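Open the model in your viewer and keep the selection tool ready.

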Amino acid sequence: MEKWADNKAWFLVLPVFVVVAFSAIIPLMTVVNYSIQDIFGPGNAVFVGTEWFKQMLTDYRLHDALWRQFLFSGLVLLIEIPLGILIALAMPKKGWGVSASLVTLAIPLLIPWNVIGTIWIIFTRPDIGLFGVGINSLDLLSVPFDHTARPSYAWVTLMAMEVWHWTPLVALLCYAGLRAIPEAYYQAAKIDGASAWAVFRYIQLPKMRGVLTIAVLLRWMDSFLIYAEPFALTGGGPGNSTTFLSIYLVKLATGQFDLGPAAAFSLIYFLIVLLFSFIFYQALLNVGKGEKVS
């Protein structure tokens, strides 16, 4: 009877399984079904096996989009992680400035992704945008700034938008890690005459390893799945210079209506995301073990 009472707890989890089945498992199986068939219309499909997977794996456009995706995600981490740490170190530790800093940092995170793209479209327009008009009035560029005309300008604008939008998340995580360091560590460092760099190198940075790993994991995966911001800002252009994996997938599925190749590509995309999630998860576990040992 007691064993039955313990097992009844699983009935509380049952609704979650039902929701997951309808929202994830069933759509995933539908995508798998599309990926192995050539669909001509409702009820008219031909089994093709792994043909679409072979086609996608040899598609140069997918290779280009994958390269751009890795480059973008790598640049995002190289900029946002150090910048987030610097912002967290500069934030006040007590007083009204703490609340003001936290609220200010949280503002970009509360804005919807598609609205972010619209804001930066207006902000960088060369005719009415504050940044576009301002940078062109300085006459510092050989070619007038217009993010819709040159790939380099599109990348600079996209990177600036992404850094502005998500660096606050890194800063908040790092600030939480810094606030968790006991004051006794700083007092001991002051007694030993440690410099500010020594305090950061041997006290603050090791104690932030856990939150930094979480920040890297979240920012890498989110930047690897980015869609709304670049689509609203550049639409994948000019040309294909900002066509990342998600944008290419949407164009393939809804623009060309190639459901079979799009389904195969989405599964490849899913496996890439899953692989990197596993790698970062293992890194997170190793960091946790290191913290326990120390």
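Select Arg219 and Asp222. They form a salt bridge, with the closest N and O atoms 2.9 Å apart. A salt bridge here is a side-chain nitrogen of Lys or Arg within 4 Å of a carboxyl oxygen of Asp or Glu. Both residues sit in helix 11 (residues 209-224), three residues apart, about one turn of the helix. Helices are DSSP runs (H or I, at least four residues), numbered from the N terminus.

The model is predicted: local features need pLDDT of at least 70, side-chain atom pairs count only at pLDDT 80 or more, and totals for chains, interfaces and linings use all residues. Residues are numbered from 1 along each chain as its sequence is written, and side-chain values use heavy atoms, without hydrogens and water.

Colour by accessibility. Arg219 is buried, at 1% relative accessible area; Asp222 is partly exposed, at 22%. Buried means under 20%, exposed over 50%, partly exposed in between (1.4 Å probe, protein chains only).

With Arg219 and Asp222 they are linked in a network of salt bridges.

Next, select Arg125 and Asp127. Their salt bridge has its closest N and O atoms 2.5 Å apart. Arg125 is partly exposed at 34%, and Asp127 is partly exposed at 46%.

Move to Asp59 and Arg61. Their side chains meet in a salt bridge at 3.3 Å, N to O. Asp59 is buried at 7%, whereas Arg61 is partly exposed at 33%.

Conventions. Helices (H or I, at least four residues) and strands (E, at least two) are DSSP runs, numbered from the N terminus.
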